[in-house]
Amino acid sequence: MPRREGGRSAYLVAALISASCLLLVAASHQEFHEAAGSRTLLKSHEQTNKVHCSRERSRSAWEAIYEYLMPVVEKEKYELPRKCRLHPDNDMFREQEQHKIHFDINEWRCGFCKKAFRAEKFLDQHFENRHNNLVDYSHGRCLADLCGALHCDLMLKFKKPKSKCSAAAAAKNRHLCESLADSCFPINQGPSASRLHEFFLRQFCDAHTCKGGSKPFPKGGRKETNRFYLALCALIVVLLPLFYLIVFLHQREMKKGGQNLRRISKIGQKKKPS
Ligand SMILES: [Zn+2]
C-alpha cells in the first residue's frame with residue numbers, strides 16, 4: 001500500500017514538473033514572437049544625406065553596436081582596428097556620452113562640471129553649449145552616417161509607419177554594411193576576424209533586402225542573453241521546491257519500507273524458536 005501511494009505521489013511530482021516546464025517554454029515562445037512582431041513593425045528604411053551629425057542617431061547606432069555586436073567581439077577577445085568606423089574612438093560623441101551620469105529617472109548630471117538636469121535632452125543641450133570643444137568633427141567620425149547599415153530605427157523607440165521597401169536603398173545599405181564588415185573584420189587577420197566577419201554579415205547585412213525572410217539581429221544580443229538567464233532563474237526557483245518535495249517523499253517511503261522490514265524480521269524472529 002505505501003509503495004502504491006509513493007508511486008502516485010511520484011507521478012504527481014512528474015506531472016507538476018512537466019506542467020511548469022511547458023508554462024515556461026510557452027511564455028518564452030510568446031515573448032519571442034512579440035519581439036519579432038515589434039521588429040517587423042519597426043522595420044523601415046533609412047534616410048541618409050545628413051548635413052550635420054545627429055547625436056540621437058549616433059547614440060542609437062552605438063546602442064546597436066554595443067548590444068548586438070560587442071558581446072561577440074568581447075567573447076572572441078578581438079580588438080577592432082582603428083580604421084574601423086565602429087571603433088569607439090571613431091564616434092565623435094563618445095567622450096561626452098561617457099560623461100553622462102544618470103542618478104535617477106529625473107536626474108542627469110554632467111560629468112565634466114557636475115551640473116544637474118531633469119532630462120537627458122537638457123544635458124545634450126548643455127554639452128552642445130558648454131563642452132562642444134571636446135567634440136572632434138574633423139575625421140568624418142559621425143556614427144549616425146552608419147545608421148543605414150546598423151538598423152538604427154530598430155534601436156530608436158518610436159514606431160514609424162512602415163514605408164515601402166526601396167531596392168536601391170536596400171542595396172546601398174547592404175553595400176555600406178559589407179564594407180564595414182571588410183574594414184572591421186578583415187578575413188586575412190586570423191580565425192577570430194573571419195568568424196566575426198561572418199557573424200557581422202548575418203547579424204547586420206542579410207536583412208538589407210526587399211525580398212524579406214531575413215530579420216536584423218537574428219543571433220540576438222545582450223538583452224536576449226539576460227532574458228535567457230532570467231528564464232533559467234525562474235526555472236530553478238520553480239524546480240527547487242519540487243526537488244525537495246521529491247527528496248522528502250522518497251525519504252518518507254524509505255522510512256516506511258524500513259519499518260515494514262523491521263516488522264517482518266521481528267515476526268521471523270518470533271517464529272524461529274518454535
Ligand atoms: Zn558641464
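Visitor: Of the contacts in the protein with a separation of 6 or more, what percentage comes from residues 24 or more positions apart?
Guide: That figure is 73%. Keep in mind that this is a predicted model.

Visitor: Okay, and how many helices and strands does the protein have?
Guide: There are 10 helices and three strands. Going along the sequence, the pattern reads α-α-α-α-β-β-β-α-α-α-α-α-α.

Visitor: What percentage of the residues count as buried?
Guide: Of the 274 residues, 19% count as buried.

Visitor: Let's talk about the strands. In what order do they sit in the sheet?
Guide: The order is β1-β2-β3, in an open sheet with antiparallel pairing. The edges are β1 (100–104) and β3 (116–117), each of which pairs on one side only.

Visitor: How many bridges join β1 to β2?
Guide: Four bridges join them, and β2 covers residues 107–110. The two strands form a hairpin, with two residues between them.

Visitor: Which residues face each other there? Say, what stands opposite K100 in β2?
Guide: K100 has C110 opposite it.

Visitor: Is β1 largely in the open or buried?
Guide: β1 lies largely in the open, because the number of buried residues among its five is zero.

Visitor: And which strands does α5 lie across?
Guide: α5 lies across β1, β2 and β3, and runs at about 15° to β2.

Visitor: Switching to the records, where does UniProt place "domain: C2H2-type"?
Guide: UniProt puts that feature at residues 110–131, in an unreviewed entry. In the model, the span 110–131 is 50% helix and 14% strand, and its end C-alpha atoms lie 10 Å apart.

Visitor: I clicked on D124. Which helix is it in?
Guide: D124 is in helix α5, which spans residues 120–130.

Visitor: Why does D124 count as partly exposed?
Guide: D124 has 19 other C-beta atoms within 10 Å. A residue is buried at 20 or more and exposed at 12 or fewer, so a count in between makes it partly exposed.

Visitor: One more on D124: how many Å apart are D124 and R55 in space?
Guide: They are 8.3 Å apart, C-alpha to C-alpha, with a sequence separation of 69 residues.

Definitions and conventions: Residues numbered from 1 in each chain as written. Predicted model: local features only at pLDDT ≥ 70, side-chain atom pairs only at ≥ 80, totals over all residues. Contact = placed C-beta atoms within 7 Å. UniProt positions renumbered as here; feature names shortened; annotations may be inferred. Pairing = 2+ DSSP bridges. Axes fitted to C-alpha atoms, helices over the stretch in contact; angles between N-to-C directions.
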